[in-house]
Amino acid sequence: MKAAVIVFPGSNCDRDLAVAFEQAGADVTMVWHKDSTLPEGVDIVGVPGGFSYGDYLRCGAIAAKSPVCQAVAAHASRGGYVLGVCNGFQVLTETGLLPGALLRNAGLKYICKTVGLKVQTSNSAFTEGYNAGDVIGIPIAHHDGNYYADDETIARLQGEDRVAFTYTDNPNGSRGDIAGILSENRRVLGMMPHPERAADAGHGGTDGVALFRALTGALTPA
Amino acid sequence: MQDPAITPDLIAAHGLKPDEYDRILEIIGREPTFTELGIFSAMWNEHCSYKSSKKWLRTLPTEGPQVICGPGENAGVVDIGDGQAVVFKMESHNHPSYIEPYQGAATGVGGILRDVFTMGARPIASMNSLSFGEPSHPKTRQLVSGVVAGVGGYGNCFGVPCAGGEVRFHRAYNGNCLVNAFAAGLADADKIFYSAASGVGMPVVYLGAKTGRDGVGGATMASAEFDDTIEEKRPTVQVGDPFTEKRLMEACLELMKTGAVISIQDMGAAGLTCSAVEMGDKGGLGVRLDLEKVPVREENMTAYEMMLSESQERMLMVLFPEKEAEAKAVFDKWDLDFAIVGETIAEDRFLIMLDGEVKADLPLSKLSSEAPEYDRPWVPTPEAAPLGDVPQVDPIDALKMLLGSPNYAAKQWVYEQYDTMVMGDSARTPGLGAGIIRVHGTGKALAFTSDVTPRYVKANPEVGGKQAVAEAYRNLTAVGAKPLATTDNMNFGNPEKPEIMGQFVGAIKGIGAACLALDMPIVSGNVSLYNETDGAAILPTPTIGAVGLIASPDEIIGCDVREGHQLLLVGDTRGHLGQSALLAEVFGREEGDAPEVDLDAEKRNGEFIRANRELITACTDVADGGIALAAFELAEKTGVGVHLDSDATPLLFGEDQARYLVACNFDKAEALMTAAAQAGVTLTSLGKFTGDSVKFGGSEAALGDLAEIYRGGFAAAVA
């Protein structure tokens, strides 16, 4: 499986995401934000956490206009897989690959801690390693993770089984306790929690491993 | 714009004493220009020149086989084997944080990160030691929320995990909070970068954010006491941009790999002045700067303003001219401003030009070599009066009072605002004892701790200084690490007062003795004096930051106890209650002497822990709050109750040093007893972990109820 991890100048979880992909057996290439194409044959693009361009305007807003994001959008429109984590999720909503927006946390503070996530669907290449209803512990680390979409969109996401994860104890005010959502074709996942921070017994636990393993398994030609 | 005339008032406003000004006249043989006066003021203030502390700092032990570079550079460098080094330092940003908490704290973090990556190291851990006034003081909440948000705002964006720190409250900090920021980075031991320039005619390159008027005179401000005009000083605080800092770091590390860098110095306090002088002085060279080439973000900046600006995220370097194209490619990649702003020259001159006009022309080496140095008069701190009677208390009631105090309550309200997990190597996040960050891609890990008990230092500076180092040693030991080296951040009041200077001298003596005995040399540090408001000084607060090495993952000692584990105490208990947390929090008394520190016992007991780590499932050091607090913290961590046989106040709340609590199963406890007897270490059985309550003799409470107090105490008091 070939993965590409996007590097914005303010990305700071790019290495962490690459390590998690590699540990699951992927072949990883880092792609600079000024590049307008992705490497040949990439199966999945990882948009990592961090502060893409400082996040001074609106988290992910400037990144959405970057050359590499045009390439990511093209990859997604071809049916390619995309995983956006934290700032990556914010970038994907700003790019329009996923609906809704991430607002400032309801408590107005940055929060870094491990939270409980309920797996809402195992029907995706990202979540098929879990059973729907599983509760897993995955760290969050964000200031703007309060998922917002209008009633209609929330209802559609829920109705189409596109809510991948919900919080068991909503830390940030997200509507419908939503922590992660899938695109219509179920090949783009955006989530605020960091599965790459729970992919190693010596750091943050191993509850995120199944996500990376499932991806590698699903995307590797047998 | 016409430069102002040099008058006695102007000289005084620059923090220069009349005799210091006379010295300037002697050195240059004429009246200084306005810009020159500013340069002298920047170089000779307390913050930059260490003029009151230098004499005593020289007495600290700074050497050892593990030390690659001791104090004097941007940060200390210590060998961690396999050709790798850890680079670290702690630095204060006290005065700016009190004036403007968010930006003051944020730029404090930015400054210390820059010190680390300037040496060629990628930052991998940060800590913050914060001291605030009493919770009921009207400014405290605003300071706590601003400082914590500022520390987080900068570090989280930059992308360095917070590994630990301290937060304390005491009325002595009502008028002066302390923000001590620590950073550590990882580098190849043979690829460390230093500030000494070499070669004549080499380009001096400016890299990073543009220069503005922010922070002009900041270092001078930080070298004075506060009074009621404090609010007027807000414009001297700089504004931070962590996104630029992150790019600056990546660009510097990339540039260093190209071999283009001869020397490098970050622009911190007193900006361009300090960094250029440092590079020239260390290299035995002069420096010429053409200020019209400096990237600026404001119009009509004068030479004076440019030389004294403390705009953040800026770096000065001397590059090999033939590598200019490669250097430019790196800067362009990261979209950073850079400019060649001058060159090294052979004469001993600091020549500042603006649009062809000479603004300053000073003998460069004399700016530092002739800087004033004082042997300030000092008086030893009088011996503490003996402690009067301490009434018996119900130990559970006393514990509840400690747990509800923001000084001893859980600090997750603070730590959850910091990214503690970025970079994917946090083996132990903040909360209990030292933090652990793995050395990426190896089996090694580094442990980090920051310690001081200011009450002890006030009562007995020398013993308090020793104790701070000893506690750091124990915190590192308790996670299985071998203590390597130390950085000290000395926060004190006005050194012109003999009793304050006496505190400083005493603390230095104690720190020096402990660092020597425990083989933890001081490799870097910072001094912050004049922490006084309207004549009232802070508690003497020599913060000790220390780093330990863990050679392999199985050397880590955990902190997870299990049902049925034995609770054992390593070390001797005499029941010392002087200056204890119990006395302060329960009785509102700060009396008696600091607990005695036996450095031989510290070493013996620490080595015992490390030698027997296989027998120890969980371990924590016993510090303020005594056995009662330490046992509770272990129990709370995993949610298993703890029952101690005794309910005696001195045993439970005494703060004798050189002690650890250890948990393990019965068989291992037996083996540990045998090992202790052989090693001549006192090991006592105190009780065991069981059930869901905390019990001291006949006094008992549900663990859940206590945990609720402990988890809520901080926010209830100050959030």
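**Close-up 1. B:Gly208 meets its bridge partner in strand 10 of chain B.** In this predicted model, B:Gly208 is bridged to B:Arg314 of strand 10 of chain B. Strand 7 (residues 203-208) of chain B and strand 10 of chain B run antiparallel and are joined by five bridges. Two strands count as paired if DSSP finds at least two bridges between them, and strands here are DSSP runs (E, at least two residues), as helices are (H or I, at least four), numbered from the N terminus.

**Close-up 2. Strand 8 of chain B also pairs with strand 10 of chain B.** Five bridges link strand 8 (residues 261-266) to strand 10, again antiparallel. Look for B:Gln265, whose bridge partner is B:Leu316.

**Close-up 3. Strand 10 of chain B is covered on both faces.**

**Close-up 4. A:Ser11 sits in a loop of chain A.** This loop lies between strand 1 (2-7) and helix 1 (14-23). A:Ser11 counts as buried because its relative accessibility is 1%. Its contacts (heavy atoms within 4.5 Å) include A:Ile6, A:Phe51 and B:Lys246, leaving aside residues up to four places away in sequence.

**Notes.** Residues are numbered from 1 along each chain as its sequence is written, and chains are lettered from A and ligands numbered from 1 in the order written. Local features need pLDDT of at least 70 and side-chain atom pairs 80 or more, while totals for chains, interfaces and linings use all residues; side-chain values use heavy atoms, without hydrogens and water.

Key:
Buried < 20%, exposed > 50% of the residue type's maximum accessible area, 1.4 Å probe, protein only.
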